[in-house]
Structures are given as structure tokens and as C-alpha cells.
Amino acid sequence: MAVLTMREGISQALWEEMERDPRVFILGEEVGVWGGTYAVTKGFYDHFGPERVRDTPIAEGVIVGAANGAALAGLRPVAELMTINFAFLAMDQIVNHSAKLGPMFGGQMSVPVVIRAVGGGGRQLGATHSQTPDVVFAHFPGLNVIAPGTPADAKGLLKSAIRSGQPTLFIEHATLYQVRGEVPEGDYTEPIGVSKVQRTGEDVTIVSYSKMLQVSLQAAEKLAKEGIEAEVIDLRTLRPLDMGPIVKSFQKTNRAVIAEEGWLSYGIGAEVAARLYEQAFDYVDAPIRRVGQKEVALPYNRHLEQMALPQEDDVIAAVKAVL
């Protein structure tokens, strides 16, 4: 298999889907001549032309609204939002139109739109450009929410999202674009709504996704040197949420830590923990622990920003607390 960065995996998925299906087109700020803020669509404009690679004004509500309209007319738009923080400006279009038009009309129409958005902190972009509001969007039924943690999943899940016919928010962490990993070549897809065991272990279950998957895997390697074997499960999709592998692992280890980058209050970890208590209460040997961001506006100062974001040591401490 080829070794690609996350950026290359996402770009490859988009390119292959545009070659495969002439209905697929992309739109967003600077996706055309510039090649995208994170260079994901570099070269697309010259190859596919202005009809299928459309630059837009800085107007997120217009971007998603136009994508919704194109999807209703039979196209397969992929809208790029420069940052998920600006998705709040398109909130009505995403949660009241992308997610609801299908069920509101009894399934007589669908909105096969994919909205790519960059999230997460760690790049000194300040409080309003570094948030991880994944759970806000995962709250709404009718909207698939995907947040890959590896280059292979980024490619496979994005291709599946474009083909799914369902409105999908595809969240790409800003600090993962340079992460490398093996990516299957050719027409490779991954199923939406399926969690995955990324590392096997017998002592504790760590549940994570996106950037915190990489952090959790690094923590697990350090724990292994102390004789603690952690099983790391990647959610990959936040809605629909697949609890199957998590419950199965918890029934083996009887202990769990859930690591996410967002704030803990009302977060992804809270949802996973609640479902574990509901579905596997008889297997609980220790209170389930959660790891997340300090509940403050993320500072610009690099030192303070790193203090606020969850790190390997936080995951390691939580694991040792449940053993």
C-alpha cells in the first residue's frame, strides 16, 4: 500500500470521485485557483475546470445553501468550509435544511451534500478559530458526522460519504493533514457508522477519534512499556454512533477512558459513557473516566494553548486512575 498524508488521502478521494461521477463538484472559499486553504484541492481547477471547482465569496450560509440546492437538483456537491467555526454561520442551512428536507418530505427528495470543515486546536489560531464543536452537529438526527483519525479512513470514509446520498458533515482536524499512514490504492471505501479497533489490549478500553486517536495510540504505546495493555477504539463516525466494538471491548477490560478534544460538558465522551453504563453496567469495575479540553476559550499563546488541550499524559493519568 502507498504511504500518504491525510491531506493526500482526502485529495485522492475527491479526485477519484470527481473522475468517477460527473455530478460531483466542489465549491468553497479559495478551493479553485488557490487550491484550498490547506491545499487539498491543489490542481483541481486546472484539471476539472471552473464549472466543477467553484470559488465562492466568504459567505458560509450561501456556500451550504447553494450546495443544498444543487443536491436537490440531482448533483453531488462537496462544500468546503475554511473552518468549522464558521459553520455556525451556516447552522440553519446545515441542521434545518441539509438534515431535515429528506424526512420532512417523506423521503421523496434527498440532499446528498457533503460539507468538509476543518476543526480542532493546536495551531495558535485563537479562541474563535480553534474550537471542536463536533458534538453540536452530531446532536441532530438526519446528519451523518464523520471525523477520521487516519489517512486511510479519511480517504475511504470521504468516498463513502460522497456516494451515500445522505447529508454529511466531514470534519478534518487541522493538525492531522501531515500525518502519514498506509492507504489502500484504487477504489477503496470504508463503511459509515462503524467504529474500529485500532489497537488491541486486555487491561483498559480507550475510546477516541480524530486527533485524540493519535494521542491515545501514543499514550497506549507508553503504557505498554509499563506493562499496561490498552485497547484503543476509533469512533470514526459520531453519528450514527456504533457502540458494538466499544461494548465488546469493555466487557473484556471492565474499564474505560474516553478521550476527546472538545469540552467535556455535554460532550461525545458523556454520550459514550452514558451508553456504556446503559448497555454494559454489569461489567463496570471502575468509574468511567473522560479526558477533554479545559473549559476555557482556547488561548492564542502556544504554551497556554497546549495546557488547555488534552495531551498524552492526561490519557495516561486517566488510565492509571481506573486500573
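Which element gives the largest share of the lining of the largest pocket? Select α10 (residues 268–280): this helix supplies 5 residues, the largest share of that lining. The model is predicted, so local features need pLDDT of at least 70 and side-chain atom pairs count only at pLDDT 80 or more, while totals for chains, interfaces and linings use all residues. Residues are numbered from 1 along each chain as its sequence is written, and side-chain values use heavy atoms, with hydrogens and water left out.

**Stop 1: the largest pocket**

Helices (H or I, at least four residues) and strands (E, at least two) are DSSP runs, numbered from the N terminus. A pocket is an open set of points on a 1 Å grid over the protein atoms alone, with protein on both sides within 12 Å along at least five of seven lines; lining residues have an atom within 4 Å of a point. The volume here is about 230 Å³, a volume being the space filled by probe spheres set on the points, which are joined across faces, edges and corners. Of the 14 lining residues, show Ala138, His139, Arg239, Glu271 and Arg275, which lie nearest the centre of the pocket. By class, the lining has 9 nonpolar, 2 polar and 3 charged residues. Ala, Val, Leu, Ile, Met, Phe, Trp, Tyr, Cys and Pro count as nonpolar, Asp, Glu, Lys and Arg as charged, and the others, Gly among them, as polar.

Now move to the bond that joins Arg239 to Pro240: the peptide is cis, with omega about 0°. Pro240 sits in the loop between β12 and α9.

**Stop 2: α9 against α10**

Select α9 (residues 244–253) together with α10; their axes come within 10 Å and cross at roughly 65°. The axes are lines fitted to C-alpha atoms, for helices over the stretch in contact, and angles run from 0 to 180 degrees between N-to-C directions. The crossing is right-handed, which means that the near helix is turned clockwise from the far one by less than a right angle. On α9 the contact (heavy atoms within 4.5 Å) is made by Ile246, Val247 and Phe250, and on α10 by Val272, Leu276, Gln279 and Ala280. The contact has 6 nonpolar residues, 1 polar and no charged.

**Stop 3: the second largest pocket**

Next select α8 (211–224) and α11 (302–308), each of which supplies at least two lining residues to the second largest pocket. The largest share, 4 residues, comes from α8. This pocket holds about 180 Å³ of space. Its lining has 13 residues, and those closest to the centre are Lys211, Val215, Gln306, Pro310 and Gln311. The classes are 4 nonpolar, 5 polar and 4 charged.

**Stop 4: the cavities**

How many cavities of 30 Å³ or more are there? The count is 2, a cavity being a set of grid points where a 1.4 Å probe fits but cannot get out.

For the second largest cavity, of about 40 Å³, select Tyr38, Val40, Glu80, Arg116, Ala117, Val118, Glu172 and Tyr177. Strand β5 (residues 114–119) gives the largest share of the lining, 3 residues. Here 5 residues are nonpolar, none polar and 3 charged.

**Stop 5: Gln124**

From β5, go on to the loop between β5 and α6, where Gln124 is found. The phi of Gln124 is near 55°, a positive value in a residue other than glycine.

**Stop 6: a salt bridge in α1**

The structure holds 19 salt bridges (a side-chain nitrogen of Lys or Arg within 4 Å of a carboxyl oxygen of Asp or Glu). For one of them, select Arg20 and Glu17, whose closest N and O atoms are 2.8 Å apart. These two residues are 3 apart in helix α1 (residues 6–20), so they are separated by about one helical turn.
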